[in-house]
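The sequence and the structure are shown first.

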Amino acid sequence: MADTAPLNPDGRPKLQSFVRLQYDDTRKQWVLQAPERVLVLDETSKEIVVLCDGQRSAGDIIERFAAVYDAPRDVIAHDVMAVIQLLQDKGVLVIEG
């Protein structure tokens with residue numbers, strides 16, 4: 001894993017400029033396409049990535065999920081932060097702010 005700082009809920013995650021979110025017809029799944037690697041996403045991770053536009057904070061993303069899903073907010077916050085942190089550690093997301 002990369003040496004990255006812990007994620008702040010006020011930070012605004014976004015994909016690195018060299019990473020693309022795309023649907024892979026062969027795999028029938030959403031993937032993040034980066035140079036010389038592909039990361040397969042489940043549906044929830046894909047929804048999180050779509051919201052990582054550099055405009056919304058991690059906290060905003062958590063609030064959006066909390067408004068949509070019937071789960072405790074702390075569970076949602078943990079899961080969203082874990083996905084964002086993992087993608088940051090893999091070097092496909094950067095955190096602004």
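## Basis of the description

Two strands are taken to pair if DSSP finds at least two bridges between them. Helices (H or I, at least four residues) and strands (E, at least two) are DSSP runs, numbered from the N terminus.

The model is predicted, so local features need pLDDT of at least 70 and side-chain atom pairs count only at pLDDT 80 or more, while totals for chains, interfaces and linings use all residues. Residues are numbered from 1 along each chain as its sequence is written, and side-chain values use heavy atoms, with hydrogens and water left out.

## The sheet

Three strands form an open sheet in the order S2-S3-S4, with antiparallel pairing. S2 and strand S4 (37-41) are the edge strands, each pairing on one side only. Neighbouring strands of this sheet are turned by 35° against each other on average, direction ignored. Such angles refer to axes, which are lines fitted to C-alpha atoms, for helices over the stretch in contact; angles run from 0 to 180 degrees between N-to-C directions.

Strand S2 (residues 20-24) pairs with strand S3 (residues 29-34) in the antiparallel sense over 5 bridges. Within this pairing, Tyr23 has Trp30 of S3 as its bridge partner, and Arg20 has Gln33 of S3. S3 and S4 are likewise antiparallel, over 5 bridges. Trp30 stands opposite Leu41 in S4.

## The two hairpins

S2 and S3 form a hairpin with 4 residues between them. Lys28 lies in the loop between these strands and has a phi near 60°, a positive value in a residue other than glycine. Most residues other than glycine have a negative phi. Lys28 is exposed, with a relative accessible area of 57%. Here buried means under 20% relative accessible area, exposed over 50%, and partly exposed in between (1.4 Å probe, protein chains only).

The hairpin of S3 and S4 has 2 residues between the strands. Glu36 is placed in the loop between S3 and S4, and its phi is also positive, near 60°. The relative accessible area of Glu36 is 86%, and Glu36 is therefore exposed.

## Arg37 in strand S4

Arg37 is found in strand S4 and counts as partly exposed, at 34% relative accessibility. Not counting residues up to four places away in sequence, Arg37 touches Leu32, Lys90, Gly91 and Val92, where contact means heavy atoms within 4.5 Å. The C-alpha atoms of Arg37 and Val19, 18 residues apart along the chain, are separated by 9.9 Å.

## Helix H1 and its contacts

H1 lies across S2, S3 and S4 and runs at about 110° to S4. The axes of helix H1 (residues 43-51) and helix H2 (residues 58-68) come within 10 Å and cross at roughly 135°. H1 and H2 are therefore oblique to each other; angles under 35 degrees count as roughly parallel, over 145 as roughly antiparallel, 65 to 115 as roughly perpendicular and the rest as oblique. H1 passes H2 in a right-handed crossing. A crossing is left-handed if the near helix is turned anticlockwise from the far one by less than a right angle, and right-handed if clockwise.

Thr44, Glu47, Ile48 and Leu51 of H1 make the contact with Ile61, Arg64 and Phe65 of H2. By class, this contact of H1 with H2 has 4 nonpolar, 1 polar and 2 charged residues. Ala, Val, Leu, Ile, Met, Phe, Trp, Tyr, Cys and Pro count as nonpolar, Asp, Glu, Lys and Arg as charged, and the others, Gly among them, as polar.

## Helix H3 and its partners

The axes of H1 and H3 come within 10 Å and cross at roughly 75°, which makes H1 roughly perpendicular to H3. Ser45, Ile48 and Val49 of H1 meet Val80, Val83, Ile84 and Leu87 of H3. This contact of H1 with H3 has 6 nonpolar, 1 polar and no charged residues.

Between H2 and helix H3 (residues 73-89), the axes come within 9 Å and cross at roughly 130°. H2 is therefore oblique to H3, and the crossing of H2 and H3 is right-handed. On the H2 side the contact includes Ala58, Ile61, Ile62, Glu63, Phe65 and Ala66, which meet Arg73, Ile76, Ala77, Val80, Met81 and Ile84 in H3. The residues of the contact of H2 with H3 divide into 10 nonpolar, no polar and 2 charged.
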